[in-house]
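Q: I would like to learn how to read this model, one feature at a time. Where do we begin?

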Amino acid sequence: MSPKKRSADQEDLNVIAPSPRKLRRSVNEDHIETPRQVAAVSQAAVITDSSSRRSNNGNGSNDSLLTPYEGRKPRVLQNASARRAIRLASPAASVAPPVTPSHLSKDDNNNKDKTKNVTPSPEDYKSPAKRRLIFGKLVEEIVIQPNTKRVYNLVKKLTGSLGGNGSCGPIYGELTQGSMQKMVNLMKQHTQLDKTSRFIDVGSGIGKPNLHVTQDPGVAFSCGIEMELDRYRLGLKCLQRVLQEAVNDAHDDAIKDKVRHNCMFLHGNIMSARTFDPFTHVYMFSIGFPPKLWVYLSEAWNRSQSPYMICFHGPRTLINDYEFEVELLAQTPTSMHASGEGHQGYIYQRKGLTDKTVQAFIENAPCDKVFERAKTLVQSGLEPLREVVDQTVAENWTSRRSMTRSEAKRHGIVLSK
Ligand SMILES: C[S@@+](CC[C@H](N)C(=O)[O-])C[C@H]1O[C@@H](n2cnc3c(N)ncnc32)[C@H](O)[C@@H]1O
């Protein structure tokens with residue numbers, strides 16, 4: 001990175017520190033000779049406003065050490081890492097240059113050690129709110145809950161890092177963890193996605209979106225329906241592992257972010273459902289859906305009462321082409337796992353939706369028969385759910401044959417024709 005670029009980056013971070021080259025220049029200009037003096041200048045370089053001066057020794061007598069930045073107006077620091085860098089430069093710390101002290105001489109180990117204590121590490125620069133891309137652009141940092149991360153790791157162990165292994169090849173379409181979190185955040189912000197929500201993923205694949213919202217925000221009912229048998233089986237296997245983890249967590253008081261369990265997967269074609277009720281959030285990673293499916297989804301949506309729909313097609317496709325009765329609420333760019341391909345994620349609400357109708361639907365929604373068993377099962381709690389999932393996995397996993405219709409019926413699973 002060029003010194004010019006580095007300087008610009010530091011401005012972005014609101015750490016008003018000169019680049020090493022600039023620092024060396026200012027050191028020469030001020031005729032400072034000893035490494036200790038260099039360190040002192042570095043210290044001053046971190047903090048530029050009047051409050052920072054006070055922090056040098058409590059009475060502002062170190063003003064003479066301030067760099068040419070002292071003439072500037074005090075800046076309001078938006079950036080958390082910058083604020084933290086300033087906190088680190090407390091009187092006790094005494095030295096806080098965000099500059100790696102490569103310019104210190106070999107025998108200046110004392111200063112080096114002091115500097116080490118207070119120099120913000122690369123981790124410190126990583127603000128909880130912003131992240132820097134390789135060419136310096138700052139982007140919003142996506143915060144993912146620990147339980148969500150644990151679940152993704154469990155899934156990765158079972159399915160491999162490429163995700164989505166299935167009968168149609170090793171890679172299939174799914175969002176990255178960060179992009180899924182972005183969609184979850186957007187749903188929380190615009191559609192009240194919370195612990196009372198009921199979420200369906202239409203074409204759930206191996207089930208990551210379902211498992212994600214099961215953890216964050218911990219929806220009441222997360223249901224996936226997938227017609228590809230191998231993907232459904234993988235999803236079920238992942239759910240089984242997640243439920244084991246949820247059981248372990250339930251017995252461990254030390255764990256704060258417990259793995260949650262309100263999830264079930266169905267094997268079948270969404271076209272066997274007449275409506276999307278009782279789901280408050282109808283999610284679909286719709287890339288590649290055929291027109292016939294779109295027509296069906298539109299009819300089913302217009303028959304349903306579900307308030308929100310989340311998909312990866314814009315209003316032109318949804319409203320103009322397929323006549324979904326929806327209004328656009330929000331959209332955000334997302335990227336796909338493995339390929340990195342980008343797609344806009346869109347959040348819609350039912351046309352004419354009011355807070356009152358949403359509340360009424362949350363409290364008392366009809367339920368399409370396709371989802372009835374799964375809903376009751378999830379409501380019955382972790383142990384009964386786990387028992388059924390274990391049994392279903394055993395029946396599915398140990399044999400190569402597909403489930404019989406009677407087995408499927410026993411588990412409330414809809415088989416595709
Ligand atoms: C692109 S993948 C998305 C997987 C998952 N939703 C995700 O975001 O990680 C779409 C999935 O939809 C499934 N699918 C397509 N048409 C379907 C239908 N009519 N009923 C159920 N699943 C379907 C496909 O088999 C595929 O696994």
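**Reading the model**

A: Begin with a pair of helices. The axes of helix 11 (residues 229-250) and helix 16 (residues 382-397) come within 9 Å and cross at roughly 145 degrees. Axes are lines fitted to C-alpha atoms, for helices over the stretch in contact, and angles run from 0 to 180 degrees between N-to-C directions. Helices (H or I, at least four residues) and strands (E, at least two) are DSSP runs, numbered from the N terminus. This is a predicted model: local features need pLDDT of at least 70, side-chain atom pairs count only at pLDDT 80 or more, and totals for chains, interfaces and linings use all residues. Residues are numbered from 1 along each chain as its sequence is written.

Q: Is the crossing of helix 11 and helix 16 left-handed or right-handed?
A: A crossing is left-handed if the near helix is turned anticlockwise from the far one by less than a right angle, and right-handed if clockwise. Helix 11 and helix 16 cross in the left-handed sense.

Q: Which residues of helix 11 and helix 16 meet?
A: Contact means that C-beta atoms, placed from the backbone, lie within 7 Å. Helix 11 contributes residues including Leu236, Leu239 and Leu243, and helix 16 contributes residues including Leu385, Val389 and Trp397. By class, this contact has eleven nonpolar, three polar and four charged residues. Ala, Val, Leu, Ile, Met, Phe, Trp, Tyr, Cys and Pro count as nonpolar, Asp, Glu, Lys and Arg as charged, and the others, Gly among them, as polar.

Q: How does helix 8 lie against helix 10?
A: Angles under 35 degrees count as roughly parallel, over 145 as roughly antiparallel, 65 to 115 as roughly perpendicular and the rest as oblique. The axes of helix 8 (residues 146-159) and helix 10 (residues 208-215) come within 9 Å, crossing at roughly 150 degrees. The two helices are therefore roughly antiparallel. Their crossing is right-handed. Val151 and Val155 of helix 8 are among the contact residues, as are Leu211 and His212 of helix 10. The classes here are three nonpolar, four polar and one charged.

Q: What is the angle between helix 8 and helix 11?
A: Their axes cross at roughly 135 degrees and come within 10 Å. That makes helix 8 oblique to helix 11. This crossing is right-handed.

Q: Which residues are closest to the ligand?
A: A residue is near a molecule or strand if its C-beta atom, placed from the backbone, lies within 6 Å of it. Here 21 residues surround the ligand, and the closest are Gly173, Glu174, Gly203, Gly205 and Phe285. Helix 10 and strand 4 (221-226) are the elements that give two or more residues to this shell. The shell divides into ten nonpolar, five polar and six charged residues.

Q: Where are the backbone exceptions?
A: Most residues other than glycine have a negative phi, and most peptide bonds are trans. A cis bond joins Asp216 and Pro217, with omega about 10 degrees. Pro217 sits in the loop between helix 10 and strand 4. The bond from Asp277 to Pro278 is also cis, with omega near 20 degrees. Gln192 has a positive phi, near 55 degrees.

Q: Where is pLDDT below 50?
A: pLDDT is the predictor's confidence in each residue, from 0 to 100. The protein chain averages 75, and 62% of the residues score at least 70. Over residues 1-77 pLDDT is below 50. It also stays under 50 over residues 81-127. Where pLDDT is low, the predicted coordinates should not be read in detail.

Conventions: Two residues are in contact if their C-beta atoms, placed from the backbone, lie within 7 Å.
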